[in-house]
Amino acid sequence: MPFVMTVATAPFLILGVGVDDMFIMISCWQKTKVYDKVEDRMEDTYKEAAVSITITTLTDVLAFYIGLMTPFGSVQSFCMYTGTALLFCYIYNITFFGAFLALNGQREGSNRHWFTCQRVEQADGVRKGNACSVGGAYDPVTGAEEEMPINNFFKMYYGPLLTNCWTKVFVTLLYLGYLAGSIYGCFQMQEGIDLKNLAPDDSYVAGYYDNEDRYFSEYGPFVMLVIKNEGFQYWEKSACESLTTCLKKIESSDMVAKNMTVSWLEAYEIFGAISGLNLTNEKVFMESLPQFLTHYPDFYQDVSISDGKILASRLFIPTVNISTATDEKEMLNFFRNTALTCGKKLDLLVYHPAFIYFDQYAVIVSNTIQNIVVATAVMLVISLLLIPNPLCSLWVTFAIASVIVGMAGFMALWDVNLDSISMINLVICIGFSVDFSAHISYAFVSSEKRTANEKAIDAIYNLGYPIVQGAVSTIAGVVVLSAAKSYIFRTFFKIMFLVISLGAAHGIVFIPVFLTFFGCCSDSCNTVDDKEQINSPAQDTGTVVQLSETQVATNMHTYANVNQGHTN
């Protein structure tokens, strides 16, 4: 695969993705018991984190590999390089980064400083110690590291607020507004890429295209009409009439300038009439042609002559009223269809250097839809295999579709057209749109809470902070591209910003609320009302308090034994 310019954006993407997975692993590591063996802590960490990051990695990698189905070489190169890099990033996270977690656990277990590796003061339940002690400041009730303030915010404030009845109504209305804006934007989407955007902003090419649009926008490309038939009899009247008929058919279009075709054959006929040459005679025609080309060197490259025979020749047809990508696509199709129908005997070929860009307009929409549909189906299969409930898998698929619609709509409102560059980023969108929703859905399924609201709060508590960290880190990794002088890099930033923002909004706002609306994704979920839990018997409360005190005592005793072991 060749290394194309779009691949240069991949490192920024990989940086954000790699950090996301590390945040998930660190979050799970912090919830393990600090006095457990390193092996047990690693087991608990991987039990919680491995499935989650495996789901997201599989969806991301497969989304990129599905992009190989596109006929555009630049898209294929980008998808191959980035998909493979994501695969290696995943391997490094579950091997190298896991190994560093284990080494850090051993350092914590021996109470050594994070930098000097010297032994530091022991921590206990009363004296918290410092971050270099075992687990830093730990909670004697749970035996795990103390929760960060942001985690408490998600658990004590944000989660209950999000599951409030009126908040759910507001979130639903907000989603309907988001959906309406996205659909409106989809209808405003434009196809095509301005050729000046392929060059840096400070390139002279950009100025050239600006001046061309300002002063010569009336005229479009001068399309080359090539006669490839080596046996074409230019001197015969019937052959010339066939060519003239074809040219008139082309000039009948509103997209072609009338009587402005640049034809060496027409000029040669005028030259012959002035010189008194009988150009209907093959010998005279061929012998006088070099003399004509010498007098009119502008046509010299329009005729290919070898061994006294014309191998091929070309004419130039100016176009008009070409201002949009749709016009360019229609013009391209018109010329090609006309050349096929009226030029069977002539063996005509139409060409212009810009046709390589116009070609994509014919397939960009169909290929984009194909990639999105196939990738979404693959995401659904992966979710069904790895998330132990079909309903939650369907919600993950719903999140993918919702984010894609939002992406398409808002990128159109942000002046991003549908072209091969934005198509690459839409492929990215397919993979990343599933990340946050898959994390939350899996946490919802895995929660041992009883009601749907409790499960939603627990899922947000466990993964709300890692999702925010991942979103911020990914956006921070690509924000530098927003100031780039290249349209390609700026487009990459815009779409990455949109997909991460919309994905995070679905993960911590929309999906948790919708999961509480449509029932639980777990067989253990029941419909116990919150009031029943509040009004539970006092004996149960006392039992819980007693159990908590017993657990504290047990944990303190175990931790004292560990510390005594370290001291000895």
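Helices (DSSP runs of H or I, at least four residues) and strands (runs of E, at least two) are numbered from the N terminus. The structure is a predicted model, in which local features need pLDDT of at least 70 and side-chain atom pairs count only at pLDDT 80 or more, while totals for chains, interfaces and linings use all residues. Residues are numbered from 1 along each chain as its sequence is written, and side-chain values use heavy atoms, with hydrogens and water left out.

The protein chain contains 18 helices and four strands. Of its 568 residues, 47% are buried; buried means under 20% relative accessible area, exposed over 50%, and partly exposed in between, with a 1.4 Å probe and protein chains only. The chain exposes about 27,800 Å², of which carbon and sulfur atoms supply 62%. These areas come from the Shrake-Rupley method with a 1.4 Å probe, and for residues only the protein chains shown count as cover. Among contacts (heavy atoms within 4.5 Å) with a separation of 6 or more, 76% are between residues 24 or more positions apart.

The four strands form an open sheet in the order β2-β3-β1-β4, with antiparallel pairing. From one strand to the next, the twist averages 15°. Two strands are taken to pair if DSSP finds at least two bridges between them. In general, the strands of a sheet pair through backbone hydrogen bonds, either parallel or antiparallel.

Strands β2 and β3 run antiparallel and are joined by four bridges; Val-303 stands opposite Ser-313 in β3. The two strands form a hairpin with two residues between them, and Asp-307 in the turn has a positive phi of about 55°. Strands β1 and β3 pair in the antiparallel sense over seven bridges, and Tyr-219 has Val-320 in β3 as its bridge partner. In β4, Leu-349 is the bridge partner of Val-226, and Tyr-351 is that of Met-224. Both of these β4 residues, Leu-349 and Tyr-351, belong to the uncovered face of the strand, whereas Leu-348 and Val-350 make up the covered face. Helix α7 (residues 237-251) lies across β1, β3 (309-320) and β4, and runs at about 20° to β3. For such angles, axes are lines fitted to C-alpha atoms, for helices over the stretch in contact, and the angles run from 0 to 180 degrees between N-to-C directions.

Helix α2 (residues 38-66) has a kink of about 35° centred on Ala-49. Its 29 residues reach 39 Å from the first C-alpha to the last, close to the 42 Å expected at 1.5 Å a residue; the expected span is 1.5 Å times one less than the number of residues. In helix α9, a kink of about 35° lies at Leu-289, shortly before the proline Pro-290. The end C-alpha atoms of α9 (residues 282-295) are 20 Å apart, in agreement with the 20 Å that its 14 residues should span. The buried residues of α9 are Phe-285, Met-286, Ser-288, Leu-289, Phe-292 and Leu-293, and their cover includes α8, β2 and β3.

Several single residues were also examined. Asn-93 is in helix α3 (residues 73-109) and is buried, with a relative accessible area of 4%. Beyond residues up to four places away in sequence, Asn-93 touches Gly-18, Asp-21, Met-22, Met-25, Tyr-46 and Gly-98. Asn-259, in the loop between α7 and α8 (264-275), counts as exposed because its relative accessibility is 73%. Although Asn-259 is not a glycine, its phi is positive, about 55°. Asn-321, in the loop between β3 and α10 (325-342), is likewise a residue other than glycine with a positive phi, near 60°.

Lys-485 lies in the loop between α15 (452-478) and α16 (487-517) and is exposed, with a relative accessible area of 52%. Its C-alpha atom is separated by 5.5 Å from that of Pro-200, 285 residues apart along the chain. Leaving aside neighbours within four places in sequence, Lys-485 is in contact with Pro-200, Asp-201, Asp-202 and Arg-490.

Conventions
The bend at a residue is the angle between axes fitted to the seven residues ending there and the seven starting there.
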